[in-house]
Amino acid sequence: MKEQFWQNRWESGRIAFHEGTPNEFLEMHLGDLALSPGSHVFVPLCGKAYDLDWLLEQGHRVTGIEFNRDAVEEVFERRSLFPVVKQHSGLRRLSSGQLTLWQGDFFSLQATDLGDVDAIYDRAALVALPDPLRKDYAIRLSELTKSAPQLLISFSYDQSQTEGPPFSVPEQAIRQLYGSTYDIDLLSSEEITGPLADRCVGQEQTWKLIPKIRQGA
């Protein structure tokens with residue numbers, strides 16, 4: 001992933017992908033994963049999303065990874081947390097209580113850094129990646145989490161209407177990326193709203209991905 005692209009987006013304030021409240025489809029559909037209290041949820045390319053706060057408030061342990069230093073630090077500041085900060089394998093790790101955020105490149109993260117993961121919440125990672133990177137991302141995500149169940153939010157629209165990100169990742173692409181590993185169910189499909197709706201017409205879709213066989217199980 002091109003770090004400078006995303007750092008420039010943050011520095012220039014072009015972060016329309018950041019929602020000022022928890023994502024409505026997360027609130028609506030996390031229960032479909034039937035997680036136990038205290039489950040460990042991994043959020044790739046998490047930004048400073050309020051989804052992190054909401055997951056913590058449901059009693060889960062949350063780990064995320066994000067390029068931008070200010071975004072990572074803001075999450076702890078707004079929760080009045082004072083994290084322990086460590087450098088590890090080229091990444092910066094901030095941790096306090098049930099929240100751990102890694103600052104750096106997703107592809108630098110190791111499975112041993114995460115430990116056991118009970119679920120993945122992907123709202124802004126897969127759709128942030130151009131097509132050539134998605135296969136590598138999907139493979140790496142599976143390796144890191146031993147193919148943990150996923151709640152995945154994607155967009156489906158005619159890519160010629162606008163440049164990404166967020167990119168259009170329609171059902172066919174999701175099944176090509178994950179179909180050999182996961183059973184894939186569409187939970188909801190709604191008209192695109194928000195800033196992206198000013199650029200295109202299409203569907204925002206929520207998917208439940210349940211592993212066919214957990215790796216290492």
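The second largest pocket has a lining of 14 residues, and those nearest its centre are Lys-135, Ala-138, Gln-176, Leu-177 and Tyr-178. The model is a predicted one, in which local features need pLDDT of at least 70 and side-chain atom pairs count only at pLDDT 80 or more, while totals for chains, interfaces and linings use all residues. Residues are numbered from 1 along each chain as its sequence is written, and side-chain values use heavy atoms, with hydrogens and water left out.

A pocket is defined on a 1 Å grid over the protein atoms alone, as an open set of points where a 1.4 Å probe fits, with protein on both sides within 12 Å along at least five of seven lines; lining residues have an atom within 4 Å of a point. The second largest pocket holds about 240 Å³ of space, the volume being that filled by probe spheres set on the points, which are joined across faces, edges and corners. Helix 6 and helix 7 (171-178) each contribute at least two residues to the lining of this pocket; helices (H or I, at least four residues) and strands (E, at least two) are DSSP runs numbered from the N terminus. The largest share of the lining, seven residues, comes from helix 6. By class, the lining comprises six nonpolar, four polar and four charged residues, where Ala, Val, Leu, Ile, Met, Phe, Trp, Tyr, Cys and Pro count as nonpolar, Asp, Glu, Lys and Arg as charged, and the others, Gly among them, as polar.

Helix 6 spans residues 131-145 and includes Arg-140. Arg-140 is classed as buried because its relative accessibility is 16%, the limits being under 20% relative accessible area for buried, over 50% for exposed, and in between for partly exposed (1.4 Å probe, protein chains only). A polar atom of the Arg-140 side chain lies 2.6 Å from the backbone oxygen of Leu-109. Leaving aside residues up to four places away in sequence, Arg-140 touches Phe-106, Phe-107, Leu-109 and Gln-110; contact here means heavy atoms within 4.5 Å.

The loop between helix 6 and strand 7 contains Lys-146. Although not a glycine, Lys-146 has a positive phi of about 55 degrees. Lys-146 counts as partly exposed because its relative accessible area is 42%. A positive phi of about 55 degrees is also found at Ser-89, which is not a glycine; Ser-89 lies in the loop between strand 3 (84-88) and strand 4 (91-96).

Between strand 7 (150-157) and helix 7 runs the loop that holds Pro-165, and Pro-166 is found in the loop between these elements as well. The peptide bond from Gly-164 to Pro-165 is cis, with omega near -5 degrees. The bond from Pro-165 to Pro-166 is likewise cis, with omega near -5 degrees.

Ala-49 is placed in the loop between strand 1 (40-44) and helix 3 (50-57). Ala-49 counts as buried because its relative accessibility is 8%. The C-alpha atom of Ala-49 is separated by 8.7 Å from that of Ala-71, 22 residues apart along the chain.

For the chain as a whole, there are seven helices and nine strands. Buried residues make up 51% of its 217 residues. Of the contacts with a separation of 6 or more, 68% join residues 24 or more positions apart. The accessible surface comes to about 10,200 Å², and carbon and sulfur atoms account for 47% of that area, as computed by the Shrake-Rupley method with a 1.4 Å probe; for residues, only the protein chains shown count as cover.

Technical notes: Polar contact = N/O pair within 3.5 Å; in protein donor to acceptor, adjacent residues only side chain to side chain.
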